[in-house]
Amino acid sequence: MSGGEAPPATVQPEAPAVVCAGLIIADLFVSPLPSLPRPGELVVSEGFLLDAGGCAVNTAVILARLGVRTGLVGKVGDDEYGGWLRRSLARRQVLVDGVSTTQRSATSQTVILPVDGEDRRYIHVPGANAELAVADIAAVLPGARVLAIGGYLALSGLDPKEAADLLAGARTRGTATLLDIVVPRGADDPVKALRPVLPYVDCFLPNQDEARLITGHDNPADQARALLQWGCASVVITCGADGAVYADPARVIQVGPCSVEAVDGSGAGDAFTAGIILGLLEGWPPEQRLRFAAALGGSVCRGLGCTGTVFTRDEALAAADGVQLDGSS
């Protein structure tokens, strides 16, 4: 370099608008079965689907399809599944710089078994997800407009106090915070892990069964009101084919389902979360966010897997017009 010549400018990568942090899983979906096989019985399936999954992944993939610059934070193992997940997600325009590799654990895997007329069954390997730490999320977060943590309570490496500090700091910097949970069987006192973080959550998104476990209430509206008392700014209880219930301190809104021919309900809640996030980025009022989210959530139920049949933005906007809302103060 000649004297007086300035060094070349370093171009900083553009920060993602949204950071999705949490569960990253290699999912194996079995086509819906008429019944589970009896011991020793061979049941013929229409096919299997191996796909990237987990709460954080599903939401990130859908947001990327909607044109949102989205970063993913999580852990995979140093194995074939980990490499495949990175490549698959990068092809779908998800930013994977925040996905780190651990030598200690295998990549998380799940087998999903849908049976006609019954709820899905899951066989799960927690794997590398257990090693995700708050520091991993904090390293990617600066500049993001939204932070969505997917699979909290199933992420045993996230210390509740550290997670609360992360969420509080994010909100102070103007980042909207969303939290989705998974309650593993036999989990130690989920309420103890939730109480410290909920006061720093802008939107909490459990499903009806999860909300029943943590509040003791059966009715979604009662669940939502109880959770608001724990400090979150708003809450959405997703209720499968019955739609969802939204609540904030001013109102409760019953959200109808999006009318689709359902094949597999996997990922509907994560798609709903993606719709809420897009609405926040666009500055939509709650009613518009909820209709759009319901449309996205319904759309992924039309085929096997969590993201393959999701509506485009225009399709979701059109379908949202048919979603019914019933509000009360």
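Sorted by class, the residues that line the largest cavity of this predicted model are nine nonpolar, three polar and two charged, where Ala, Val, Leu, Ile, Met, Phe, Trp, Tyr, Cys and Pro count as nonpolar, Asp, Glu, Lys and Arg as charged, and the others, Gly among them, as polar. Because the model is predicted, local features need pLDDT of at least 70 and side-chain atom pairs count only at pLDDT 80 or more, while totals for chains, interfaces and linings use all residues. Residues are numbered from 1 along each chain as its sequence is written, and side-chain values use heavy atoms, with hydrogens and water left out.

## Empty space: a cavity and a pocket

Rolling a probe the size of a water molecule over the atoms shows where empty space is left. On a 1 Å grid over the protein atoms alone, a cavity is a set of points where a 1.4 Å probe fits but cannot get out, whereas a pocket is an open set with protein on both sides within 12 Å along at least five of seven lines; lining residues have an atom within 4 Å of a point. Grid points are joined across faces, edges and corners, and a volume is the space filled by probe spheres set on the points.

A search of the whole structure finds one cavity of 30 Å³ or more, and the volume of the largest cavity is about 80 Å³. It is lined by 14 residues, of which Thr59, Ala148, Ile149, Gly150 and Thr273 are the closest to its centre. Two or more lining residues come from each of strand S1 (18-22), helix H1 (55-65), strand S8 (146-152), strand S9 (176-181) and helix H8; these names refer to DSSP runs numbered from the N terminus, helices being H or I with at least four residues and strands being E with at least two.

The second largest pocket has a volume of about 220 Å³. Among the 12 residues lining this pocket, Glu14, Pro16, Leu95, Asp97 and Val140 are the closest to its centre. Strand S4 (70-77) and strand S5 (95-102) are the elements that give two or more residues to this lining, and the largest share, three residues, comes from S5. By class, the lining of the second largest pocket has seven nonpolar, two polar and three charged residues.

## Helix H8

Helix H8 covers residues 268-282, and its end C-alpha atoms are 21 Å apart, which agrees with the 21 Å that its 15 residues should span at 1.5 Å a residue, because the expected span is 1.5 Å times one less than the number of residues. The helix is mostly covered, since 12 of its 15 residues are buried, a word that here means under 20% relative accessible area, with exposed meaning over 50% and partly exposed in between (1.4 Å probe, protein chains only). The buried residues of H8 include Thr273, which is also one of the residues closest to the centre of the largest cavity. After H8 comes Gly283, whose phi is positive, near 75 degrees.

## Cysteines and salt bridges

How many disulfides does the structure hold? There are zero disulfides, a disulfide being a pair of cysteine sulfur atoms within 2.5 Å. The sulfur of Cys20 is 10 Å from the closest cysteine sulfur, in Cys55, and this is too far for a bond. Cys20 is also buried, with a relative accessible area of 1%. Cys239 is in no disulfide either, as the nearest cysteine sulfur, that of Cys301, is 13 Å away.

Side chains of opposite charge can pair when their charged atoms come close. The structure holds 14 salt bridges, each being a side-chain nitrogen of Lys or Arg within 4 Å of a carboxyl oxygen of Asp or Glu. Three of them are set out here.

| Salt bridge | Closest N and O atoms |
|---|---|
| Arg120 and Asp119 | 3.8 Å |
| Asp209 and Arg212 | 2.9 Å |
| Asp218 and Arg212 | 3.1 Å |

Asp209, Arg212 and Asp218 are linked in a network of salt bridges. Asp209 and Arg212 are three residues apart in helix H6 (residues 208-215), so they are separated by about one helical turn. Asp209 is partly exposed at 46% relative accessibility, Arg212 is partly exposed at 30%, and Asp218 is exposed with a relative accessible area of 53%. In the remaining pair of the table, Arg120 counts as partly exposed at 25%, whereas Asp119 is exposed at 53%.
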